[in-house]
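I opened this model to go through it one item at a time. My notes follow in the order I looked things up.

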Amino acid sequence: VSPSQPQAEIELSANEEEFYKMSIQKLQEKFPDSKINVDFPKHSEGMAPEMAQAKLQLDGPNELTQTVSKSLLVLFFEQFLDPFMILLNLAGLLSLVAFFIDMSVTLNLWLALVLFVVVILTCIMSYTQERRALQVVESFKNLLPMQSTVLRGGVEVEIPASELVTGDIVILKGGNKVPADIRLLVVSDLKVELASLTGEAEPIGLQSREAAPSADSEISAHNIAHSGSMVIEGTAVGVVIRTGDRTMIGQIAFLT
């Protein structure tokens, strides 16, 4: 995401629940299976393993949707199938036919050549943009960690990040990649890098575990760690609020 991209463009859709405005008590009510300890979130029990497994089967893995693999040649020729490009090609062919019918009117030849050149240049630009977009989507997948530390049934365990579900209690430490969108319950000197979302390399301190009803957005609320961001330092415990394509980075990948 370019640093100059307006922050509003990466905000979640209006129908998403505003978790950053919820109190810890409200989150406890929202995720009863997580058994959140309001007073001491670090001592939360977390979801029962069998409950988490059932939820995983229902919601699917915490992964970004795989893009359909295409060869670069197929991707390039697909640009010529655009309806507008087809119309320009037909116009060029008609102009070329008109020239061969009456070769004294060279304007038809020049018109055909101009139309064909416009089609080729436009398709090259479209192909370049689409190829870059696919590369960006693929790079997003590399931002997600392989493993994640969670509380399941009162026990701290390490599981594949793809098996995370909403409601999981996740433990974050310096050097970790954030595996999903996580509403923070308790933090200690936590700083994360949001370059994958905002383009800003400067780490942002996430210090607040409280509700932020006056904040303009999730990012400004400073109580949500987003999937794909990097924990630079500090520790935190939080509850997973979105996984896979439903995360902020998943929605950016979908729009790219």
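**Aromatic pairs**

I started at Tyr127, which is buried, with a relative accessible area of 13%. I keep in mind throughout that this is a predicted model. Which ring does Tyr127 pair with edge-to-face? I found Phe76 as the partner, at 5.5 Å centre to centre and with 90° between the planes. Phe76 sits in helix α3 (residues 72–78) and Tyr127 in helix α5 (residues 106–141), so this pair ties together parts 51 residues apart in sequence. Phe76 counts as partly exposed, at 22% relative accessibility. The cut-off for buried is under 20%, so Tyr127 falls below that limit.

Phe76, Phe77, Phe80 and Tyr127 are linked into a cluster by ring pairs. My search of the whole structure gave 6 aromatic pairs.

**Confidence**

The chain has an average pLDDT of 84, and 87% of the residues score at least 70. Residues 1–15 are below 50. This stretch still has 23 contacts in the model beyond near neighbours in sequence. Where pLDDT is low, the predicted coordinates should not be read in detail. I left those contacts alone.

**Cavity**

How many cavities of 30 Å³ or more does the structure hold? I count 1. About 40 Å³ of space lies in the largest cavity. Two elements give two or more residues to its lining: β5 (204–206) and α7 (218–221). I listed the lining residues as Val192, Leu194, Ile204, Leu206, Glu218, Ile219, His222, Ile224 and His226. By class, I have 6 nonpolar, 2 polar and 1 charged residues in that lining.

**Positive phi**

I looked for positive phi in residues other than glycine. Lys35 is one of them, with phi near 50°. Lys35 lies in the loop between α1 (24–30) and α2 (49–59). At 42% relative accessibility, I put Lys35 down as partly exposed.

Asp189 also has a positive phi, near 50°. I find Asp189 in strand β4 (residues 181–193). Is Asp189 buried or exposed? Asp189 is exposed, with a relative accessible area of 52%.

**The loop between α1 and α2**

I stayed with this loop and took Glu45, which is found there. Glu45 is partly exposed, at 37% relative accessible area. Setting aside neighbours within four places in sequence, I have Glu45 in contact with Ser34, Lys35, Leu151, Arg152, Gly153 and Gly154.

Pro41 has its place in the loop between α1 and α2 too. Pro41 is buried, with a relative accessible area of 4%. What does Pro41 contact, leaving aside neighbours within four places in sequence? I noted Leu185, Val186, Arg209 and Val237. The C-alpha atoms of Pro41 and Val237 are 7.1 Å apart, although the two residues are 196 apart along the chain.

**Arg152**

The contacts of Glu45 include Arg152, and I went there next. Arg152 is in strand β1 (residues 147–152). Arg152 counts as buried, at 11% relative accessibility. Its contacts, neighbours within four places in sequence left aside, are Glu45, Met47, Pro49, Ala52, Val157, Ile159, Glu163 and Asp168. Among them, Glu45 is in the loop between α1 and α2.

**Thr243**

My last stop was Thr243, in the loop between β7 (230–242) and α8 (248–255).

Definitions and conventions
Residues are numbered from 1 along each chain as its sequence is written. This is a predicted model: local features need pLDDT of at least 70, side-chain atom pairs count only at pLDDT 80 or more; totals for chains, interfaces and linings use all residues. Side-chain values use heavy atoms; hydrogens and water are left out. pLDDT is the predictor's confidence in each residue, from 0 to 100. Contact means heavy atoms within 4.5 Å. On a 1 Å grid over the protein atoms alone, a cavity is a set of points where a 1.4 Å probe fits but cannot get out, and a pocket is an open set with protein on both sides within 12 Å along at least five of seven lines; lining residues have an atom within 4 Å of a point. Grid points are joined across faces, edges and corners, and a volume is the space filled by probe spheres set on the points. Helices (H or I, at least four residues) and strands (E, at least two) are DSSP runs, numbered from the N terminus. Ala, Val, Leu, Ile, Met, Phe, Trp, Tyr, Cys and Pro count as nonpolar, Asp, Glu, Lys and Arg as charged, and the others, Gly among them, as polar. Rings of Phe, Tyr and Trp (its six-membered ring) pair if their centres lie within 6.5 Å; planes under 30 degrees apart count as stacked, over 60 as edge-to-face and the rest as tilted. Buried means under 20% relative accessible area, exposed over 50%, partly exposed in between (1.4 Å probe, protein chains only).
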